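Please open the structure in a viewer and follow the stops below in order.

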Amino acid sequence: MFDSLTEKLEATFKKLRGLGTLTEDNIKEALKEIRRALLEADVNYKVTKDFIQDVQAEAVGAETIRSVEPGQLIVKIVHEKMIKLLGEKTAEIQISERPPSIIMICGLQGSGKTTLTAKLGLLYKKKKQKVLLVAADPYRPAAVKQLQTLGKQIDVEVFEMGQSDPVTICKGAISKARKEFVDLIIFDTAGRLHIDEELMNELSDIKKMANPREILLVADAMTGQDAVNVAREFHEKLNVTGVVLSKMDGDARGGAALSIRGVTGCPLKLVGIGEKLTDLEPFHPDRMASRILGMGDIVSFVEKAQEMVDFKEAEKLEKKLRKSQFTLEDFLNQLQQLKKMGPLESIMEMIPGMGKALKGATIDPKAMKRVEAMVLSMTPYERQNPKIINGSRRKRIAAGSGTTIQDLNRMLKQFAQMKKMIKSMGKMNFKGLPKDMMPF
Ligand SMILES: Nc1nc2c(ncn2[C@@H]2O[C@H](COP(=O)(O)OP(=O)(O)OP(=O)(O)O)[C@@H](O)[C@H]2O)c(=O)[nH]1
Ligand SMILES: [Mg+2]
């Protein structure tokens, strides 16, 4: 999803992070690149323009904040503004307090209405709701069959009245639902190739009669800005309550997802990410922004790190690192702190840039345990002064930790290398985490 946009933004941010100071010029340069990346991803022109202005206004005004590095500041502002653009909070599907609640699905031909109807049916069936799917597309006999087939797959009842007119069908479904204590009714309406009067009148008539709690417009993410235009027109005529972008698993460039809220003012509520009936996800603006910016799940990473890492300890460590006094004792502490944070791979994946670098690589928890055992078998003096670990000491440590002298030699060599590397990384950031690993 959005790979090319993410790559371009990552490249821009990387450049920014190297900068010592922010000037009006380099802010402008960065914004130009971000603007180009957004337009290439097919984001609406006006949305892009407003977005860039929004970021610029804040970036220029925020120049004086000293505690944050300049490049990191821009990344943070872009992240915040993108969340705002995407709608700030997750927009939930609303259900009436008094059943039956009605969801009306609409959209152009082939956008994914029938699929969404079944996906929602499955979702609410899992929530122990009694659901009734309604075949409100009387024009194609195959449309009714398609919904019936899907209904069978998920074991949810489908209501149909053949070729009757859509309002009559929907009315019939509601009265059946009342009698049978159905919780949720979902109308699968007919599509058209283009928006036309007739379609809009038909949908308006259904809306007037049924007063649905939700009117969800399905738009095909692969069609980019067309999806946005369709959403705008449907919203103007029907006042839809939410947009669902289908086919986000395809090679959609991201333009539709980023523009819909800004252009239509209507929240994006769900995304379809495949043909399977479980391929449906709620739309979370914050997570989506992090994903687009290539920041992995950085928010949860930072939270987790803050929860687990002892900041006083980290600060002490940072000082030691700078003075190159990092000992095996400190190394042991680090290992133990890391272990508290959970499986290493999942931690690494959350760090931007690390996900890709580590693809396929696994960190062997057994190897980590061996290292820990070796350090634990050393005396405190040995841990502080690894140079004194001679032949007889090596023998004793290896035996004590159930490892071999070769294992120990390797570990000591690696430790020496690591110490060298850390020294060359120089200034540390974020209380002990290498600067390269931090997005802002
Ligand atoms: N990859 C992918 N395919 C999808 C998704 N949603 C729907 N499709 C596919 O898109 C095609 C059209 O989906 P339908 O649900 O039949 O579309 P519709 O809007 O009901 O079409 P009409 O009733 O003809 O107007 C089908 O082949 C679906 O499997 C999605 O999220 N991802
Ligand atoms: Mg259909």
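**The ligand site**

Begin by selecting ligand 1 and its shell of 18 surrounding residues, of which the closest are Gly112, Lys113, Thr114, Thr115 and Asp249. The model is a predicted one. Colouring the shell by secondary structure shows that helix 5 (residues 113-126) supplies its largest share, four residues.

Next, display the polar contacts of the ligand. A polar backbone atom of Gly110 lies 3.0 Å from an oxygen atom of ligand 1. A backbone N or O atom of Lys247 is likewise found 3.0 Å from a ligand oxygen atom. With Glu275 it is the side chain that takes part: one of its N or O atoms is 3.0 Å from an oxygen atom of ligand 1.

Remain at Lys247 and show its backbone. The residue belongs to the loop between strand 6 (242-246) and helix 10 (255-264). Its phi is positive, about 60 degrees, although Lys247 is not a glycine. Lys247 is partly exposed, with a relative accessible area of 33%.

Then select Asp155, in the loop between helix 6 (141-154) and strand 3 (157-159). Asp155 also has a positive phi, near 60 degrees, and is a residue other than glycine. Is Asp155 buried or exposed? At a relative accessible area of 62%, Asp155 counts as exposed, because the threshold is over 50%.

Leaving aside residues up to four places away in sequence, Phe51 touches Ile34, Leu38, Val78, Lys81, Met82 and Leu85.

Select Lys269, which is located in strand 7 (residues 268-272). Why is this lysine classed as buried? Its relative accessible area is 6%, and Lys269 is therefore buried, the limit being under 20%.

Two backbone oxygens are reached by the side chain of Lys269: that of Glu92 at 3.3 Å, and that of Thr241 at 3.4 Å.

**His235**

Move to His235 in helix 9 (residues 225-238). This histidine is buried, with a relative accessible area of 19%. Apart from neighbours within four places in sequence, His235 is in contact with Val240, Thr264 and Cys266.

**The cis peptide bond**

As a last stop, select Pro99 and Pro100 and inspect the bond between them. What kind of peptide bond joins Pro99 and Pro100? The bond is cis, with omega about 0 degrees. Pro100 is situated in the loop between helix 4 and strand 1 (101-107).

Conventions
Residues numbered from 1 in each chain as written. Chains lettered and ligands numbered in written order. Predicted model: local features only at pLDDT ≥ 70, side-chain atom pairs only at ≥ 80, totals over all residues. Heavy atoms only, no water. Contact = heavy atoms within 4.5 Å. Near = heavy atom within 4 Å. Polar contact = N/O pair within 3.5 Å; in protein donor to acceptor, adjacent residues only side chain to side chain. Helix = DSSP H or I, 4+ residues; strand = E, 2+ residues; numbered from the N terminus. Buried < 20%, exposed > 50% of the residue type's maximum accessible area, 1.4 Å probe, protein only.
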